There are 2 protein chains.
Amino acid sequence: MLHFYYAPRCCALASHIVLEEAGATYTTTRLDFTKQQQRSPEYLAINPKARVPALVTPQGVLTETPAMLVYIAQTHPQAKLMPSMDEAWAFAQMQSFNAYLCATVHVAEAHWQRGNRWVDPDDAHAIAALKKRVPTSVFDAFELIERNLTGEWVMGDTYTISDAYLFTLAQWMEFYGVDVSGLPRVIAHRGRVGARPATLRAIAEETGVAAA
Amino acid sequence: MLHFYYAPRCCALASHIVLEEAGATYTTTRLDFTKQQQRSPEYLAINPKARVPALVTPQGVLTETPAMLVYIAQTHPQAKLMPSMDEAWAFAQMQSFNAYLCATVHVAEAHWQRGNRWVDPDDAHAIAALKKRVPTSVFDAFELIERNLTGEWVMGDTYTISDAYLFTLAQWMEFYGVDVSGLPRVIAHRGRVGARPATLRAIAEETGVAAA
């Protein structure tokens, strides 16, 4: 049995979707960031990083989305959510895509609301300077994906964990003021992933709306 | 045959060390960032991200350190540089560590010299504000590693790709003004990895000094 800690409207959704795609047996805890529940002593004992997602497995707690996505896919092989790990090149390409989402795309986005990680939160000028750049830096990060997204899914013909991850980070572009007119493939991809039953179930649970 | 693109004194060293640890057959190209060689049309055709490292394999170009490290280890199994991919939990833990290095530790460090990724490079106040925070944010990122680094190596008794990666990012802490007195295990680990022949060979090539 797995237990999944998440907060609504954040990157944890990628793992949540993949748990649904995998047909995993799991329970959840929703953290309320507005109440700083990620900093409670109880949660810090589970994840000292004070972030979500965190996945409690029979062997211990796993954090970091790219690791978690591969772990869920690997332990639910019947769902075929990634290339076989024996195919070193295909697996490496998927890993490369996920690392780019994690360290470039998501980091660019985080400068909108989480600027306090990198500057003094009381430095209003610096916080505003970080926010100002986000529409451009996020567009540029997605533009590279746009150029390579020539198939139905990130890895071509087959849906993988990378699709759930891309969808998750592509949700908030308009909110950041990104001009999405230059990203038609990313937007179409977002529509395809967003229409999948597993995606709808994960979002429904996170937002408290009953799934259809 | 592999071909490896790198620049000296950057995160590419992690992959370079692992190529040496693996006993890989490869050739190299050193890019000069002071001459903006990473933005030349020739290099952009190889890696449109305009960054290093990039690994040219028989099947195509691979980028992103966490993906590259696993690929090198996986295609050189005799070197035993990571847990077996059949051990889902051990593999996931290593992946989690590498993702944390990539998206938290390295990103914190990058705000020292690469602030122009996230703010207007002409905004001197914002650039300085980013730099000012680096000693604290980098210390905090390593402090979490310090707490968990109880064995000789990141994964316990066995050297893995994560050790080369941690060593690489731990090299510059003093340069950023991090107070390393609170990080004795990370510093001792850096000494152990730094003394390995493969590490010495990779650094010798990158800095143009003949290897012993």
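Biologist: The part I mean is the contact between chain B and chain A: how many residue pairs are in polar contact between them, counting pairs with both residues at pLDDT 80 or more?

Modeller: This is a predicted model, and side-chain atom pairs are counted in it only at pLDDT 80 or more. With both residues held to that limit, 12 residue pairs are in polar contact between chain B and chain A. For salt bridges across the interface of chain B and chain A, the rule finds 0. The cut-off behind that count is a side-chain nitrogen of Lys or Arg within 4 Å of a carboxyl oxygen of Asp or Glu.

The side of chain B that touches chain A draws two or more residues from each of strand 4, helix 3, helix 4 (88–113) and helix 5 (124–148) of chain B. Helix 4 of chain B gives the largest share of that side, 15 residues. Sorted by class, the side of chain B that touches chain A holds 25 nonpolar, 14 polar and 9 charged residues.

Next, the extent of the contact. Chain B contributes 48 residues and chain A contributes 48 residues. The size of an interface is often given as the accessible area lost when the parts come together. Here chain B and chain A bury about 3700 Å² between them, and 64% of this lies on carbon and sulfur atoms. Of the area that chain B buries against chain A, 19% is supplied by B:Trp89, B:Trp118 and B:Arg133, more than by any other three residues.

Part of the contact involves the sheet of chain B. Helix 4 (residues 88–113) of chain A lies across strand 3 and strand 4 of chain B, and its direction is at about 40 degrees to strand 4 of chain B. From chain B itself, helix 3 (residues 65–75) packs on the sheet, where it touches strand 1 (2–6), strand 3 and strand 4; the direction of helix 3 makes about 120 degrees with that of strand 4 of chain B.

The sheet of chain B is open, with 4 strands in the order 2-1-3-4 and mixed pairing. Its edge strands are strand 2 (26–30) and strand 4 (60–63) of chain B, each of which pairs on one side only. On average, and with direction ignored, neighbouring strands of this sheet are turned by 20 degrees against each other. Strand 4 of chain B, then, is an edge strand and also one of the elements on the side that touches chain A. Strand 4 of chain B runs antiparallel to strand 3 (residues 54–57), and 4 bridges join the two. Within strand 4 of chain B, B:Gly60 stands opposite B:Thr57.

Chain A has an open sheet of 4 strands in the order 2-1-3-4, with mixed pairing. Strand 2 (26–30) and strand 4 (60–63) of chain A are at its edges with a single partner strand each, so one side of each has no neighbour in the sheet. Strand 1 (residues 2–6) and strand 3 (residues 54–57) of chain A run antiparallel and are joined by 3 bridges. The bridge partner of A:Phe4 in strand 3 of chain A is A:Leu55, while that of A:Tyr5 is A:Ala54. A:Leu55 also stands opposite A:Leu62 in strand 4 of chain A. Strand 3 and strand 4 of chain A run antiparallel with 4 bridges, and a hairpin joins them through 2 residues.

Helix 8 (residues 197–207) of chain A lies across strand 1 and strand 2 of chain A, at about 40 degrees to strand 2.

Two backbone details of chain A complete the account. The peptide bond from A:Val52 to A:Pro53 is cis, with omega near 0 degrees, and A:Pro53 is placed in the loop between helix 2 (41–46) and strand 3 of chain A. A:Gln36 is not a glycine, yet has a positive phi of about 55 degrees; A:Gln36 sits in the loop between strand 2 and helix 2 of chain A.

Conventions. Residues are numbered from 1 along each chain as its sequence is written. Chains are lettered from A and ligands numbered from 1 in the order in which they are written. This is a predicted model: local features need pLDDT of at least 70, side-chain atom pairs count only at pLDDT 80 or more; totals for chains, interfaces and linings use all residues. Side-chain values use heavy atoms; hydrogens and water are left out. Two strands pair if DSSP finds at least two bridges between them. Axes are lines fitted to C-alpha atoms, for helices over the stretch in contact, and angles run from 0 to 180 degrees between N-to-C directions. Contact means heavy atoms within 4.5 Å. Buried area is the accessible area (1.4 Å probe) that two parts lose on being put together, summed over both. A polar contact is a pair of N or O atoms within 3.5 Å; within protein, one must be able to donate a hydrogen and the other to accept it, and residues adjacent in sequence count only if both atoms are side-chain atoms. Ala, Val, Leu, Ile, Met, Phe, Trp, Tyr, Cys and Pro count as nonpolar, Asp, Glu, Lys and Arg as charged, and the others, Gly among them, as polar.
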